[in-house]
Amino acid sequence: MDLQLSNKVALVSGSSAGIGLAIATTLAQEGATVIVNGRTQERVNQALDQIRRIVPNAKLQGIAADLGTQAGAELLFQQVPLVNILVNNLGIYGSKAFEDISDEEWMNILEVNVMSGVRLSRHYLPLMLKQDWGRIIFISSESALNIPAEMIHYGVSKTAQVALARGLAETTAGSNVTVNSVLPGPTRSEGVEIFIQGLAKDQSISPEQVEKEFFSKTRPSSLIQRFASTSEVAVLVAFVASPLASAINGAALRVEGGLVRSII
Ligand SMILES: NC(=O)c1ccc[n+]([C@@H]2O[C@H](COP(=O)([O-])OP(=O)(O)OC[C@H]3O[C@@H](n4cnc5c(N)ncnc54)[C@H](OP(=O)(O)O)[C@@H]3O)[C@@H](O)[C@H]2O)c1
């Protein structure tokens, strides 16, 4: 299937690693011009090299900017005034008991996970509407639906993203712009890999045992009983970004291995 992305410019926030890097790679494979972002030039350059190893003729631009801040967003807008596809992938997470999460930590997770998408969408959506074509995709999480007791602040930020995406979709009525959210489940990204390795070390067990126990005890409703790969998430995002996905708007699309026990 040709996703018809060769004349599109796509920005993927937080794409120097993990799910974002896989999305950037898949969009580049499909011929889009992709803007890769991370906080440092070094990590961005490493990601560009990694994508070029897989897609030698990739059309890429790298932007080092902390998109969890207003200043970082302004820096990006100066260098990238216009995009056709915006993937709000940037997101941070970490387990912490509710009573231990400080105001500062609440504000930080909301700033990075929610406000980054607010700022990028506020800049790019009006321009997409003016051009009468565009795609905005929020990378939320199944944690938007199943709020994890061990990171309630993260769950709240992920639910906020789904609400934001739906609200923005309402403003696109009658146009060829769509706004959707994609809800991955546990996915073997760089961040999750570090988490697994840490648990394995702490418990003196293998990473494979960590994965097995995680799915039998913490996420027993998962139907795939394993972490998804980042590319399994990226292919859905690439499809939603495609002109072919023109009738999908305002949707929350799950790629969570059947973890959410709901038939719709
Ligand atoms: N992995 C999962 O199991 C899972 C499940 C559901 C949803 N998600 C969602 O998927 C998204 C990606 O998660 P992931 O697991 O792939 O993350 P990850 O492996 O931890 O990668 C994080 C990426 O974000 C970048 N980053 C972090 N803070 C940044 C900032 N302030 N400005 C710009 N870039 C920044 C990092 O770049 P630098 O370090 O180079 O700056 C890196 O490229 C998140 O929104 C997450 O909530 C993940």
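This text walks through the domains of the model and then the surroundings of its ligand.

The model is predicted: local features need pLDDT of at least 70, side-chain atom pairs count only at pLDDT 80 or more, and totals for chains, interfaces and linings use all residues. Residues are numbered from 1 along each chain as its sequence is written, and side-chain values use heavy atoms, with hydrogens and water left out.

Start with the domains. The protein is divided into domain 1 (9-187 + 228-255) and domain 2 (189-227). These bounds come from an automatic or database domain assignment. The centres of the two domains, taken over C-alpha atoms, are 25 Å apart. Across the boundary, 15 residues of domain 1 are in contact (heavy atoms within 4.5 Å) with eleven residues of domain 2. Together the domains bury about 910 Å², with 47% of it on carbon and sulfur atoms. Buried area is the accessible area (1.4 Å probe) that two parts lose on being put together, summed over both. On the domain 1 side, Tyr93, Pro186 and Thr187 supply 42% of the area buried against domain 2, more than any other three residues.

Now turn to the ligand.

The side chain of aspartate 66 places an N or O atom 2.5 Å from a nitrogen atom of the ligand. Leucine 67 uses its backbone: an N or O atom there lies 3.1 Å from a ligand nitrogen atom. In serine 189, a side-chain N or O atom is 2.5 Å from an oxygen atom of the ligand.

Conventions. Polar contact = N/O pair within 3.5 Å; in protein donor to acceptor, adjacent residues only side chain to side chain.
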